[in-house]
Structure formats: C-alpha cells, structure tokens
Amino acid sequence: MAREVSESCMDSLLTEIVSSYCNRFYANKPELAARRIEAIGYQVGHQLTERYTIERPRFSDHLEAIKFICKDFWFELFKKQIDNLKTNHRGTFVLQDNKFRWLSRMSGDSSVEISSAAQDSSTMSDNKFAQATSMHLYFPCGIIRGALSTLGIPCAVSADISNHPACNILCVFHELMRRLVCDSDKGVAVSLHEFKWTKRYS
Amino acid sequence: MAPAVPRSGDAIFANVERVNAELFTLTYGAIVRQLLTDLEEVEEVNKQLDQMGYNIGIRLIDEFLAKSNVTRCVDFRETAEVIAKVGFKMFLGVTASVTNWDTEGTCCSLILEDNPLVDFVELPDTCQGLYYCNILSGVVRGALEMVSMKTEVTWVRDMLRGDDAFELQVKLLKQIPEEYPYKDDE
C-alpha cells in the first residue's frame, strides 16, 4: 500500500507556508508572498504529475488531460474526484470541488464577526473570510498550473470560494488568452461571461 | 477506569484521516527549495525551518493530547518514549527509538531510520550546511514547550549527510513549573 501520513501534517505545512510568507518573509508585500506560495504549488504539481503519468500514453487532447486532473490526479490528492467540470470549448475550464478539503475546516474569525454584528454582519464577515482564505488558494492553483504545464498545456489558474466550502477553479489556457488579447475592445473578464458553458461530466 | 497510556501510536494512526505521503514529502521539498531561493543563506533556511516547525509544534500538541489519551508522564524518560512511539507514529506513521541517555536522564537521542520527509531527496553540493529536516526539531521543541518543558533539539546524525540514521538529540533545559492563574472553584 502507498505510504501515508496524518492529514494534520499536510494541513500544518499549508498553514505554515501561508503564515511564514505573508507574516514574516513578505509581510507588506502580499503579491510577492502570493507568487512564492504559487511557485511552491507549481513545483509540487509538476513533480506529482511526472510521477502519476509515468505509465500512461500521451494524452490525445486538452480535454483528456484535464479529465486526468479531475479524476486520477484529484483522487490521489484528496481521495475524491472533482465534482463538476464545465468548459466553453474555447480553452477555459471550470473545475468545481463541492467540499474542498484544504479549506473545509477553515472558518471566519469569530471575533471579527462579533465586532461587526451591529453593522451588516453577513457581508462584513464574508469579506474578512475571503481575505483570510484567498492566500490559501495560491498553493492549490499552483499545483494545477504545474500539473497542466507538465502535460504541455501552459495556462493561467485562479480560484474562487464564494460558495465555501465549495471551490471553483478556473483554468484558462494560453491559446485562449492570446485570442482574447487580439479581441482588444473587450476585457478578458467580460468576454468570459459571454461564453456558453456546457457541462462535460458530473 | 483511567485509560491506559498507549505504548504505541498504531491504533491512533489507523484511525486518523491520512493523506498520500508523496504529496506531503514533495510539498515539504518544494518549501525547502523555495526558501533556499528566497533566503539565499543556508543558515537562514535552517533557522526558518526550525521556526516553522516550532509554530507547528505548539499547535500540534493539542491534537496529540486530544487523540492520544496519554496521561502525565512521570519523568523525561517517559516523555521521550511517548514522543518516539506515539507522537511520531501518530503523525508521520513511523516510529523512532530512544537511546543515548545521559546519567541525569535529561538528554537523549531519538533515532529515526525511516523518515518520510526525505523520500526522493538528495542534497546538492551547494547545500551541504543545510539541515533538511530542521522542521522536525522545531516541532518537538515547540510541542514540549507547551507542556512546560524547555528543550534544546539538535541534529547529531543525518542520512542526507551520509550518516546511517537520523539522530535528534533532545536536551531538557528546564521544567517550567505550571502556574495556575485561575481559581479552582470546586
């Protein structure tokens, strides 16, 4: 059987990467801290993918590669598959994990909630929560970017957890970005919304 | 009936949530790599790994006490045994052995022959001064400090430096008497 360690080991490392980079090494430079945390994830995604694809034939297309990430790769990491994969067929994919393990036990700061209770408590605490968790998303995004790059698909990856504990991971392949840049009168964000999303598997 | 002090962490390890060790090992490796790039000095990397370990240790002790059911250790000898047999097993899935006691019973060595942190690891010549597993010494120091023991934890042998095992020397500096800032109402 494959070797295992307690989940707390992994959780502790992740918490500590974020707090070291954000509070000690780059205390006033969140962008730099984010880039470093993402780089650590990239390295991990790259190495894991090399190991997990050793005995596989080359993926025939991008969809096959992304399905591998959603199924086998995700299963190795979290003992479950991605719950939902959507694509616009033009190089953008959204991977949804309904209960993302690395964030599922995170909670907003209760003291913040109490102090802001007099005001609009729900939006206030949501904001704080989003701020506190956003740094924790760079590592998993880095892993996916590292994995896809290793499979020959350079891309940009971002994540959104507004439906906590579900996590939406957006992968935009570079070919698409080039197309969007050419389409100069529209911003990337605007264009993405105009795409028609179809579900690829559930 | 008071629960018996467990002599091994096998049962606890079997019951905790576990993850693929490759993910853990490669993540730790990627952290060390990134620290070497960002901090440049090997000495500084050693220091920061120890600090990260310390921060982890002071939190991990809670989980250890909650899940292990250990009662108060009678002396430092028992403490060392519990760390080696229960603590290491419960988190890393491996057991350490305790040897090299000094006559006062305040200094000993934890020997790890199997260490999941170093699977796949080889140190390049430029990192010779690096204590790759320094996070572990920090964890032990941090955890013990939370149970009133000030310790000094240093690496004596390191397989990445060509030794035949990992040997962590744990030296008890002082035991801080527990203080009760609260009033016992019972």
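Predicted model: local features only at pLDDT ≥ 70, side-chain atom pairs only at ≥ 80, totals over all residues.
Helix 4 itself has a kink of about 35°, and the kink is centred on B:I83. Of the 17 residues in helix 4 of chain B, 13 are buried, so the helix is largely enclosed by the rest of the structure.

Strand 2 (residues 97–99) runs antiparallel to strand 3 (residues 107–112), and 3 bridges join them. Within this pairing, B:S97 stands opposite B:I111 of strand 3. Strand 3 of chain B is also joined to strand 5 (residues 166–175) of chain B, by 6 bridges, and these two strands run antiparallel. Here B:C108 stands opposite B:V170 of strand 5.

Strand pairing also links the two chains. Strand 1 (residues 4–6) of chain A and strand 1 of chain B run antiparallel and are joined by 3 bridges. In this pair, A:V5 stands opposite B:V19.

Across the interface, 30 residues of chain B are in contact with 25 residues of chain A. On the chain B side, the elements that give two or more residues are strand 1 (18–20), helix 2 (21–39), helix 3 (42–68) and helix 4 (76–92). Helix 2 of chain B gives the most, with 12 residues. By class, the side of chain B that touches chain A has 17 nonpolar, 6 polar and 7 charged residues. Helix 4 of chain B is thus both one of the elements on this side and a helix with 13 of its 17 residues buried.

Terms used
Residues numbered from 1 in each chain as written. Chains lettered and ligands numbered in written order. Contact = placed C-beta atoms within 7 Å. Helix = DSSP H or I, 4+ residues; strand = E, 2+ residues; numbered from the N terminus. Nonpolar A, V, L, I, M, F, W, Y, C, P; charged D, E, K, R; others polar. Pairing = 2+ DSSP bridges. Bend = angle between axes of the 7 residues up to and from the residue. Buried ≥ 20, exposed ≤ 12 C-beta atoms within 10 Å, placed from the backbone.
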